Amino acid sequence: MEIAESGLTIDDHSDWDIDALTEEIWLKLDGNVSRTEVELTILNLFARYEDAPVKNFVPVVVRRKALLILREEEQPAEY
């Protein structure tokens with residue numbers, strides 16, 4: 001998975017606790033997806049909202065979208 005190119009820095013958004021969000025989502029997925037994959041997904045999603053006019057809800061949106069994306073990835077392929 002590629003991380004979107006942006007000027008995103010955690011220092012610019014101290015309320016965006018990447019580590020805590022990574023841990024929360026990883027636990028919700030029962031460890032079926034690696035922490036690295038969870039973190040990369042979160043970082044990619046945060047980068048998409050770098051220019052959002054209202055950033056208060058970005059962590060909520062990122063949490064929901066990350067869970068949707070990662071739950072799809074943990075599903076076994078159907079043959």
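The model is a predicted one, so local features need pLDDT of at least 70, side-chain atom pairs count only at pLDDT 80 or more, and totals for chains, interfaces and linings use all residues. Residues are numbered from 1 along each chain as its sequence is written, and side-chain values use heavy atoms, with hydrogens and water left out.

**Overall fold**
- The protein has three helices and zero strands, in the order α-α-α along the sequence; helices (H or I, at least four residues) and strands (E, at least two) are DSSP runs, numbered from the N terminus.
- Of the 79 residues, 30% are buried (under 20% relative accessible area, 1.4 Å probe, protein chains only).
- Among contacts (heavy atoms within 4.5 Å) with a separation of 6 or more, 62% join residues 24 or more positions apart.

**Helix 1 against helix 2**
- Helix 1 (residues 18-28) packs on helix 2 (residues 35-48) at about 125°, with the axes 9 Å apart; axes are lines fitted to C-alpha atoms over the stretch in contact, and angles run from 0 to 180 degrees between N-to-C directions.
- Helix 1 brings Ile-18, Asp-19, Leu-21, Thr-22, Glu-23, Ile-25 and Trp-26 to the contact, while helix 2 brings Arg-35, Val-38, Glu-39, Ile-42, Leu-43 and Phe-46.
- These contact residues comprise eight nonpolar, one polar and four charged (Ala, Val, Leu, Ile, Met, Phe, Trp, Tyr, Cys and Pro count as nonpolar, Asp, Glu, Lys and Arg as charged, and the others, Gly among them, as polar).

How values were computed:
Buried means under 20% relative accessible area, exposed over 50%, partly exposed in between (1.4 Å probe, protein chains only).
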